[in-house]
Amino acid sequence: MEKNTAVKNNQKNWSGRFNEPVSELVQRYTASVDFDQRLAAYDIQGSRAHAQMLSAQGIISTQDLAAIEQGLDQIHHEIRVGKFIWRQELEDVHLNIEKRLTDLVGDAGKRLHTARSRNDQVATDIRLYLRTSIDEIISLIRLMQRALLDLAEKHTDTVMPGFTHLQVAQPVSLGHHLMAYFEMLKRDIGRLSDCRKRVNQLPLGAAALAGSSYPIDREQVARQLDFEGICENSLDAVSDRDFAIEFCACATLIMTHLSRLSEELILWMTPAFSFITLADRFCTGSSIMPQKKNPDVPELVRGKTGRINGHLVALLTLMKAQPLAYNKDNQEDKEPLFDTVDTLVDTLRIYTDMLAGIQVNQHAMRASATRGYATATDLADYLTKKGLPFRDAHEVVAKTVQYAERKGCDLSELDLSELQTFSPQVEADIFAILTLDGSMKSRAHVGGTAPQQVQAAIKRARKWLS
Ligand code: ARG
């Protein structure tokens, strides 16, 4: 960034009617080039399509088009190699590029803005940027899903306690548990794909707000930029940012899912659970307590979820009181949006790597399920199948659990005669039912935790991903 000096407004593209320069503070306050320069490649792409349409429609000459294209190529190159000089006094990415173009190719550069306004230009740039970002995020989610499947596949028979209220409830396999997150991420991809359709509509042609008096061909520009359609109302096209809000809402749900998983990894890593260890490269130590290995990465994922939720609220609040059409308020859409994309991209990348480095302590998982009477429901179901009404069976088992608890053992460790004191219907076949593996195996319908069902779910998931 060049030195921040106040400039006369008459150096700007909108200068004619102003008599005094803006103060340095106003210049800094109103400029967006510090952050919107990341839209440069999309701005150039949009300008190229616009210029080609202007030429095809006879609005500018083919010579002007050639000069514009050559100038834009050079600017693109200068930006890529870091030679482009961004000037805060030129406000934003659009005016910086346009000024440089005019310096390079003269009057042809000044004709580029015919039938266009920064209002439809910036809306187009953001949509192009967001479309690319959505595609990147979807492919990163898919990579994370693969990592989940790889881990789940190794643990379709690994017993752990399934929890409700964070109290041991019924045995499930770790594979089944992980596949729950696969499903969440699958819906996240569905939401993003749906959002992409509404992002992928062309605003250009709306000009400042009312459309253009030139014989423009918006369909041609849409085709050239791979938009699925055009925004059908010029006022709406330049002003609404609902597509960005929708994306941020999708992002909050993705982060919410990752935050829930993070919370579990953090719990599972405490010595009290000891279900897993994370690879050292995702943890840090304590400067005072030598024994500590802290799960910093999942903790930060959980923490950054707050920040992403904040961005959604920021954009909703930005939009809520804006009268039609464009208002400068909308310049504030970029930083929350960019930060949402950056945070999601980093989080998904790091998560995929972290899942691959998880070590599972199967013994601790099984021991925890055993301690929690996870097969109590199986005993109740057994009695119900023998004719006892379920509510009565529930009562019988509650008493049995109370007895075992006092004795300090699992249900499967009671003698047949002890079990029969609570219900004469109990027979020797009960012991197959009371094991953790037997309990899991019996939930053998689609969506259940039986190993063969989880294997089938993983197979379906792999097919869905391919
Ligand atoms: N930097 C502006 C933005 O991000 C571009 C549009 C400005 N339009 C205007 N008429 N001031 O929204």
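Modeller: Helix 7, residues 118–154, supplies the largest share of the shell around the ligand, with three residues. Helices here are DSSP runs of H or I with at least four residues, strands are runs of E with at least two, and both are numbered from the N terminus. This is a predicted model, in which local features need pLDDT of at least 70 and side-chain atom pairs count only at pLDDT 80 or more, while totals for chains, interfaces and linings use all residues. Residues are numbered from 1 along each chain as its sequence is written, and side-chain values use heavy atoms, with hydrogens and water left out.

The shell itself consists of Ser32, Asp92, His94, Arg118, Asn119, Val122, Tyr326, Gln331 and Lys334; a residue belongs if one of its heavy atoms lies within 4 Å of the ligand. By type, two of these residues are nonpolar, four polar and three charged. In that scheme Ala, Val, Leu, Ile, Met, Phe, Trp, Tyr, Cys and Pro are nonpolar, Asp, Glu, Lys and Arg are charged, and the others, Gly among them, are polar. Domain 1 (31–114) and domain 2 (119–196 + 237–366) each give at least three residues to the shell, with bounds taken from an automatic or database domain assignment.

Three side chains make polar contacts with the ligand, meaning pairs of N or O atoms within 3.5 Å. A ligand nitrogen lies 3.0 Å from a side-chain N or O atom of Asp92. For Asn119, the distance from its side-chain N or O atom to a ligand nitrogen is 2.9 Å. Tyr326 has a side-chain N or O atom 2.5 Å from an oxygen of the ligand. Taken alone the ligand exposes 350 Å², of which the protein buries 86%; accessible areas come from the Shrake-Rupley method with a 1.4 Å probe.

The peptide bond from Leu324 to Ala325 is cis, with omega near 0°. Ala325 sits in the loop between helix 12 (296–319) and helix 13 (334–356).

Strand 1 (residues 159–164) and strand 2 (residues 167–173) run antiparallel, joined by six bridges; pairing requires at least two DSSP bridges. Met160 is bridged to Val172, and Thr164 to Gln167. The two strands form a hairpin with two residues between them, and His165 in the turn has a positive phi of about 55°. Leu166 is not a glycine either, yet its phi is positive, about 60°.

As for records, UniProt places "domain: Fumarate lyase N-terminal" (unreviewed entry) at residues 16–310. Such positions use the numbering given here, feature names are shortened, and annotations may be inferred rather than shown by experiment. In the model, residues 16–310 are 62% helix and 6% strand, with end C-alpha atoms 40 Å apart.

Key
Polar contact = N/O pair within 3.5 Å; in protein donor to acceptor, adjacent residues only side chain to side chain.
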